[in-house]
Amino acid sequence: MKTLTSLLLALLLAACGAGEPPKNVNVGDIAPTFQTVRMDGMAAHFPAAWTGQPVVIRFWADWCRYCAPEMKLLDRVAARYRDRRLAVIAINVGQDKKTVTDFMAKLGVGYLSLMDEQAKIAKSYGVVGLPTTFFVDAKGVVRGKIVGEADEALFERHIQALLK
């Protein structure tokens, strides 16, 4: 099932920009900018809304087997660092507002979720599977990346490295 969902996501992302070369954002790269909307309909611009803050960017979908439990783990770890201005952004890939709103309400996490209904942001980051998490420093440089399943200790290590 995991292989099938990964394949479907890859096909969705490929269809979003036929003819464009694939992106692959890695450690040391400048995080791509984007504009989208929050679940409440307000505009969100990255990095403008988070200037000078370290940011964790988490790409997810409700059908992703590992996303829900990991989003709760990430929330728990991030809460320990909020006094250091750490921001967490959860970007939903390819789903509608009602699905995202219902899922986030059920999870009860304390961070912001943004919409990426056409998967354009995910494509600009080179996301080919979910979950994918980027750790971006206050200057907009990617300092860490996790593709796939992670545990609390891995999130902790990445966040500690990001905040050094």
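The entries below go from the whole chain down to single residues.

**Entry 1: ground rules**

I am working with a predicted model, where local features need pLDDT of at least 70, side-chain atom pairs count only at pLDDT 80 or more, and totals for chains, interfaces and linings use all residues. Residues are numbered from 1 along each chain as its sequence is written, and side-chain values use heavy atoms, with hydrogens and water left out.

**Entry 2: the whole chain**

I began with the secondary structure and found five helices and seven strands. Here helices (H or I, at least four residues) and strands (E, at least two) are DSSP runs, numbered from the N terminus. Reading from the N terminus, I noted the order α-β-β-β-α-β-α-β-α-β-β-α.

Next I checked burial: 49% of the 164 residues are buried. Buried means under 20% relative accessible area, exposed means over 50%, and partly exposed is in between (1.4 Å probe, protein chains only).

I also looked at contacts, meaning heavy atoms within 4.5 Å. Among contacts between residues at least 6 apart in sequence, 72% join residues at least 24 apart.

**Entry 3: the sheet**

I traced an open sheet of five strands in the order β5-β4-β3-β6-β7, with mixed pairing. Its edge strands are β5 (112-116) and β7, each pairing on one side only. Neighbouring strands are turned by 20 degrees against each other on average, direction ignored. For such angles, axes are lines fitted to C-alpha atoms (for helices over the stretch in contact), and angles run from 0 to 180 degrees between N-to-C directions.

A reminder to myself: strands of a sheet pair through backbone hydrogen bonds, either parallel or antiparallel. Two strands count as paired if DSSP finds at least two bridges between them.

I found the parallel sense in β4 (residues 87-93) and β5, which pair over five bridges.

**Entry 4: strand β6**

How many of the residues of strand β6 are buried? I counted five of the five in residues 132-136, so β6 is largely enclosed by the rest of the structure. Thr 132, Phe 134 and Val 136 point one way, while Thr 133 and Phe 135 point the other way.

On one side, β3 (residues 55-60) runs antiparallel to β6 and is joined to it by five bridges; Val 55 stands opposite Val 136. Strand β7 (residues 142-147) is also antiparallel to β6, again with five bridges, and here Phe 134 stands opposite Lys 145. β6 and β7 form a hairpin with five residues between them, and Gly 140 in the turn has a positive phi of about 90 degrees.

**Entry 5: helix α2 and its neighbours**

Two packed helices are described by the angle between their axes and the distance between the axes. I read α2 and α3 (residues 97-107) as packing at about 55 degrees, with axes 10 Å apart. That makes α2 oblique to α3; angles under 35 degrees count as roughly parallel, over 145 as roughly antiparallel, 65 to 115 as roughly perpendicular and the rest as oblique. Ala 68, Met 71 and Lys 72 in α2 meet Phe 103, Met 104 and Leu 107 in α3.

I then turned to α5 (residues 152-163), which packs against α2 at about 45 degrees, with axes 9 Å apart. The contact includes Glu 70, Leu 73 and Leu 74 of α2, with Phe 155 and Ile 159 among the residues of α5.

**Entry 6: Glu 70**

Is Glu 70 buried or exposed? It is buried, with a relative accessible area of 3%. Glu 70 sits in α2 (residues 67-79), and its side chain makes a polar contact of 2.7 Å with that of Arg 58. A polar contact is a pair of N or O atoms within 3.5 Å; within protein, one must be able to donate a hydrogen and the other to accept it, and residues adjacent in sequence count only if both atoms are side-chain atoms. Leaving out residues up to four places away in sequence, Glu 70 touches Arg 58, Pro 131, Gly 148, Glu 149, Ala 150 and Phe 155.

**Entry 7: Asp 29**

My last stop was Asp 29, in the loop between α1 (2-15) and β1 (34-37). At 32% relative accessibility, Asp 29 counts as partly exposed. Its side chain reaches the backbone nitrogen of Asn 26 at 2.7 Å. Asp 29 and Val 142 are 113 residues apart in sequence and 5.5 Å apart in space, C-alpha to C-alpha.
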